Amino acid sequence: MQHHDPIGTPEGEAGPVSEALKSRLSVAENVLATLTVDLDGELRFAQGLLALSDRRLLARSAEGVWREWALTTAGLSMQLSDHAGVGTIDLQSDAGHLARWRYTLAQQADALRLFKLLGQRAGSVALATEPVDAEELPAETVSAAPPSTWVLLRLGRFAKPYRKQLIAGFLLTLASTAATLVPPYLTIPLMDDILIPFQNGHQIAMSKVALFLGALLTAALAGWGLGWARTYLLALVSERIGADLRTTTYEHLLTLPLDYFGGKRTGDLMARIGSETDRINVFLSLHALDFLTDVLMIVMTAVILFSINPLLAVVTLVPLPFIAWMIHVVRDRLRTGFEKIDRVWSEVTNVLADTIPGIRVVKAFAQEKREADRFHAANAYNLQVNDKLNKTWSLFTPSVSLLTEIGLLVVWGFGIWQVARGSITVGVLTAFIAYIGRFYTRLDSMSRIVSVTQKAAAGAKRIFDILDHVSNVPEPLNPVKVDRPSGRIELADVGFRYGSRAVIRDLDLVIQPGEMIGLVGHSGSGKSTLVNLICRFYDVTDGAIKVDGTDIRRFAVADYRRHVGLVLQEPFLFFGTIAQNIAYGKPEATREEIVAAARAAHAHDFILRLPHGYDSLVGERGQGLSGGERQRISIARALLIDPRILILDEATSAVDTETEKEIQKALDNLVKGRTTIAIAHRLSTLRKADRLVVMDRGEVVEVGPHDVLMEKQGAYWRLYQAQLRQADEEASDGAVAERAAVAVALLSNQNHAAHPAGEA
């Protein structure tokens with residue numbers, strides 16, 4: 001079969017094309033983009049290929065099997081997502097899910113390029129940040145449906161508490177608009193009864209002039225006063241609606257499960273709660289008010305025009321259908337454009353959210369230029385998307401202005417003809433021109449609001465994407481009260497699946513009150529997942545977890561977690577004082593309670609050495625403290641809430657041996673009288689555990705004390721022996737390095753003795 005080498009396209013050239021791919025191309029078929037699919041379905045490294053041509057999408061599996069889909073396939077669409085360093089591409093059509101590919105994020109640039117080009121040539125694309133299973137793909141995530149302007153009506157529930165103020169604002173708007181329409185009407189008697197008779201030789205009646213001028217001044221003052229009251233009142237209301245929206249979104253975000261945050265970028269969530277709510281707030285406080293005023297002005301002006309002269313009023317409205325048609329066409333383009341801008345802007349904030357917290361790593365690896373290039377690329381793409389949208393907008397605004405000027409010209413021409421025929425007076429024509437100026441000004445203003453409205457609609461859609469997300473850790477309808485649990489934990493036939501992958505299978509275990517359990521196993525065996533289930537960060541998919549005989553799903557989430565203490569491998573400290581961080585779980589704690597917790601955690605002495613003791617500020621994420629110091633503050637934080645159930649997740653694995661001894665003393669105080677579940681990388685640290693639970697591939701394979709499990713020489717014995725061998729190898733390597741250093745030092749001394757100073 002003949003093939004055609006890829007040629008340049010406006011988007012750039014595709015990467016190197018393999019001979020196998022070339023052999024499948026038709027005559028004059030051009031490859032636009034390629035992607036190396038370097039993971040298989042089991043997330044093992046493999047070498048597959050995705051290629052997009054100007055006619056079809058081709059895919060080769062690691063086994064060399066080819067598949068293809070024509071770009072004309074009905075409903076062909078793509079979803080791109082990434083999670084935990086793994087990118088996922090899902091291909092859809094009207095017939096359903098077609099295929100899925102996974103790749104490492106080293107291929108992300110090629111994936112985004114293929115994603116973009118396919119979106120330009122086929123059905124639709126959707127950019128996501130969390131994995132979605134093919135069996136569970138909801139229709140709305142398959143394609144990026146543009147946000148409808150009607151989504152703004154959903155803000156009504158936030159406006160409901162302020163309906164009295166809104167009604168008052170509407171009445172003020174109505175009155176102020178009516179006041180501004182009085183002056184043009186007064187031009188009729190001023191022209192016909194005062195100025196034109198004066199030109200014809202009649203005397204000016206000063207009393208009439210004073211009356212008309214007084215009416216004009218009164219209307220102006222009334223319009224000013226009513227407009228100020230309206231603007232101030234509605235600005236207050238809109239600020240409160242925006243604040244309520246921001247608070248509600250953040251509070252709902254805090255109720256969402258951990259897996260939601262695992263699939264989202266920090267910068268994107270910050271942009272939604274920050275800039276998107278600000279954009280909606282500006283729309284409500286300024287542009288929605290302007291829009292309402294414009295509508296009232298246009299309607300009331302049209303009524304006045306028809307009451308003065310219906311024929312001339314009809315001529316005035318000639319440009320209106322054309323402007324309405326333009327608004328409809330441009331609105332659809334702006335709608336999709338602004339949502340794309342929001343997504344692109346979130347990528348810019350994501351770069352900042354990644355780089356600033358990780359600035360130490362950036363500097364340690366001298367990657368400042370690389371991160372600057374990342375930001376430059378994201379910012380350049382943001383500029384490109386904005387430029388594309390501005391082309392449409394820059395043409396639309398002058399076009400509306402041109403139509404309004406043509407409309408004004410038509411009215412002048414038709415009005416002069418009417419005056420010449422004697423159908424209307426000069427005063428009527430003058431009033432018409434004044435009203436038309438206001439009419440077209442408001443029409444032009446309404447057309448400009450289209451842009452702001454679509455921005456607000458795009459922002460509202462992204463906000464409601466959060467508010468509409470239902471937690472998969474629901475609150476019970478009638479929660480059981482948690483007083484002071486004894487700490488007995490029963491796991492009955494527990495199973496947990498992440499998507500279609502089973503992580504925990506048929507797990508049965510009973511932990512007695514006050515017992516210390518050590519969870520051991522290879523990485524990926526399910527240890528961390530199990531403690532996450534006990535903390536109820538996730539809910540089991542099969543079986544039940546019971547505390548004191550009650551299913552934990554029957555407890556209110558916050559009430560239950562108040563009795564669970566958690567010490568993580570990487571303790572997280574908030575920006576604030578040492579005392580505030582220790583009292584995080586119990587904000588009302590006294591200074592005496594905080595100090596007692598710090599003493600028990602062996603943190604009191606080093607805290608007193610800080611410049612301001614317990615009032616010393618901790619930098620963001622605990623900057624300025626060592627890993628061991630942060631860990632002991634974390635232990636003090638757990639001690640202060642006095643939990644009945646304690647989770648230790650690799651609490652000493654990230655510190656040196658001496659620091660580990662200090663932390664272990666603190667942990668000994670922490671575990672007293674508490675049901676404790678500990679995960680540790682060093683098996684030697686779990687010797688004090690009452691029982692060890694050995695896990696493998698989501699199942700419990702052994703349970704028992706250390707000595708008993710060592711005698712069985714089963715899974716635990718093999719893990720222990722592997723760690724001993726590793727420790728011996730590290731010690732041996734260290735001894736060799738030390739002997740080599742001594743030998744080098746001796747040789748250096750000998751050379752120095754053989755060549756005294758000055759002989760050179």
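In the predicted model, Val510 lies in strand β10, which spans residues 501-511. With a relative accessibility of 30%, Val510 counts as partly exposed, since that value falls between the 20% limit for buried residues and the 50% limit for exposed ones. When neighbours within four places in sequence are left aside, the contacts of Val510 are with Arg488, Ile489, Glu490, Glu515 and Arg691. A further relation is found with Lys546, which is 36 residues away along the chain and whose C-alpha atom is separated from that of Val510 by 9.4 Å.

The strand that holds Val510 belongs to an open sheet of four strands, arranged in the order β10-β9-β12-β13 and paired in the antiparallel sense. Strands β10 and β13 (550-551) stand at the edges of this sheet, and because each has a single partner strand, one side of each is left without a neighbour in the sheet. The pairing of β9 with β10 is antiparallel and extends over seven bridges, and within it Tyr498 stands opposite Arg501 of β10. On the other pairing of β9, five bridges join this strand (residues 489-498) to the antiparallel strand β12 (residues 542-547), where Glu490 has Lys546 as its bridge partner.

A second open sheet is formed by six strands in the order β14-β17-β18-β11-β19-β20, with mixed pairing. Here the edge positions are taken by β14 (564-567) and β20 (699-704), each of which has a single partner strand, so that one side of each is left without a neighbour in the sheet. From one strand to the next, the twist averages 20 degrees. Strands β17 (residues 645-649) and β18 (residues 675-679) run parallel and are joined by five bridges, among them the one in which Ile647 has Ile677 of β18 as its partner.

Helix α15 (residues 527-534) packs on the six-stranded sheet, where this helix touches β11 (516-520), β17, β18 and β19 (691-696), and its direction makes about 150 degrees with that of β18. Helix α15 also lies across β9, β10 and β12 of the four-stranded sheet, running at about 115 degrees to β9. The helix is mostly covered, seven of its eight residues being buried; these are Lys527, Thr529, Leu530, Val531, Asn532, Leu533 and Ile534. After α15 comes Arg536, whose phi is positive, near 60 degrees.

Which residues line the largest cavity? Its lining consists of Leu533, Arg536, Tyr538, Asp539, Val540, Ile545, Asp551, Ile552 and Arg553. By class, five of the lining residues are nonpolar, none is polar and four are charged. The volume of this cavity is about 50 Å³, and the structure holds one cavity of 30 Å³ or more.

Elsewhere in the chain, Ser93 lies in strand β6 (residues 86-93). With a relative accessible area of 12%, Ser93 is buried, because the value is under the 20% limit. Apart from residues up to four places away in sequence, Ser93 touches Thr73, Ala74, Gly75, Leu76 and Leu98.

Taken over the whole protein chain, the model contains 23 helices and 20 strands, and 44% of the 760 residues count as buried. Among contacts between residues at least 6 apart in sequence, 70% join residues at least 24 apart.

Technical notes. Residues are numbered from 1 along each chain as its sequence is written. This is a predicted model: local features need pLDDT of at least 70, side-chain atom pairs count only at pLDDT 80 or more; totals for chains, interfaces and linings use all residues. Side-chain values use heavy atoms; hydrogens and water are left out. Two strands pair if DSSP finds at least two bridges between them. Helices (H or I, at least four residues) and strands (E, at least two) are DSSP runs, numbered from the N terminus. Axes are lines fitted to C-alpha atoms, for helices over the stretch in contact, and angles run from 0 to 180 degrees between N-to-C directions. Contact means heavy atoms within 4.5 Å. On a 1 Å grid over the protein atoms alone, a cavity is a set of points where a 1.4 Å probe fits but cannot get out, and a pocket is an open set with protein on both sides within 12 Å along at least five of seven lines; lining residues have an atom within 4 Å of a point. Grid points are joined across faces, edges and corners, and a volume is the space filled by probe spheres set on the points. Ala, Val, Leu, Ile, Met, Phe, Trp, Tyr, Cys and Pro count as nonpolar, Asp, Glu, Lys and Arg as charged, and the others, Gly among them, as polar. Buried means under 20% relative accessible area, exposed over 50%, partly exposed in between (1.4 Å probe, protein chains only).
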